[in-house]
Amino acid sequence: MIEEIELDAEDRMQKSVESLKDDLSKVRTGRAHASVLDPVTVEYYGSDVPLYQVANLTVPDARTINIKPYEKDMIPKIERAIHNTDLGLNPSASSDVVRVPMPELTEERRKELVKHVRQMGEGARVAIRNVRRDANQDLKKLEKDGEVGEDDVRRSEKEIQELTDRYIAEVDAILDAKEADLMEV
């Protein structure tokens, strides 16, 4: 029973870290990468679909994303969808490709992004601490119900605290790397 609580806590903490990584990958650093366009949906035969389902996305250089739609009549729709998504990007269309140049980040914008990233990191830390709290409550309940002894609960609480410390340190390392990436000119 105790092992199940510990494994569940570790799994949930790992998911919090993975969620943070996923969220941070969407924060633009000034370098082009196709995941910046993940929130873009395009109207395709009456329904909204993600951009990557109607076009091939490539990154030819550090400042440009090329979008080559599978159907040429999608070019104006793709261009409009990128404009309508609040990403601050200005696509330009040619005969068969939509080019999205990535604007240079200003110092002020970089600092705003760092603040946003720190808030995301604090959210991940809170989620990890909530997992610790839930696991400790489950352990106390087991102890109260007489299913496990006090020594087992103390040992397990210590292990859960070590897990918490490890995952919070991982969050801090991820945040430090992202902040350095954002402040890099």
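The legends below describe close-up views of a predicted model.

**View 1. Four strands are joined in an open sheet.**
The strands follow one another in the order β3-β4-β6-β5, and their pairing is antiparallel. At the edges of the sheet stand β3 and β5, each of which pairs on one side only. In general, the strands of a sheet pair through backbone hydrogen bonds, either parallel or antiparallel.

**View 2. The strands β3 and β4 form a hairpin.**
Two residues lie between β3 and β4 in this hairpin, and the two strands pair in the antiparallel sense over five bridges. Within this part of the view, Ala55 can be found opposite Pro69, a residue of β4.

**View 3. The strands β5 and β6 pair with each other.**
Their pairing is antiparallel in sense and extends over two bridges. Here Ala93 stands opposite Val98, which belongs to β6.

**View 4. Helix α2 lies across strands of the sheet.**
Which residues of helix α2 are buried? They are Ile75, Ile78, Ala81 and Ile82. Seen down the axis of α2, these buried residues fall within an arc of 130°, so they line one face of the helix. An α-helix has 3.6 residues a turn, so residues three or four places apart point the same way. The buried residues of α2 pack against β3 (55–61), β4 (64–69), β5 (92–93) and β6 (98–101), and they also pack against β1 (41–44).

**View 5. Helices α3 and α4 pack against each other.**
Helix α3 covers residues 107–144 and helix α4 covers residues 150–183; the two pack at an angle of about 170°, with their axes 10 Å apart. Because an angle over 145 degrees counts as roughly antiparallel, α3 is roughly antiparallel to α4. Sorted by class, the residues in the contact of α3 with α4 comprise 15 nonpolar, five polar and 15 charged ones.

**View 6. Arg125 is a residue of helix α3.**
Is Arg125 buried or exposed? Arg125 has a relative accessibility of 15% and therefore counts as buried, since the cut-off for a buried residue is under 20%. When residues up to four places away in sequence are not counted, Arg125 touches Ile168, Val171, Asp172 and Leu175.

Key. Residues are numbered from 1 along each chain as its sequence is written. This is a predicted model: local features need pLDDT of at least 70, side-chain atom pairs count only at pLDDT 80 or more; totals for chains, interfaces and linings use all residues. Side-chain values use heavy atoms; hydrogens and water are left out. Axes are lines fitted to C-alpha atoms, for helices over the stretch in contact, and angles run from 0 to 180 degrees between N-to-C directions. Angles under 35 degrees count as roughly parallel, over 145 as roughly antiparallel, 65 to 115 as roughly perpendicular and the rest as oblique. Ala, Val, Leu, Ile, Met, Phe, Trp, Tyr, Cys and Pro count as nonpolar, Asp, Glu, Lys and Arg as charged, and the others, Gly among them, as polar. Buried means under 20% relative accessible area, exposed over 50%, partly exposed in between (1.4 Å probe, protein chains only). The arc is that of the directions from the helix axis to the C-beta atoms. Contact means heavy atoms within 4.5 Å. Two strands pair if DSSP finds at least two bridges between them.
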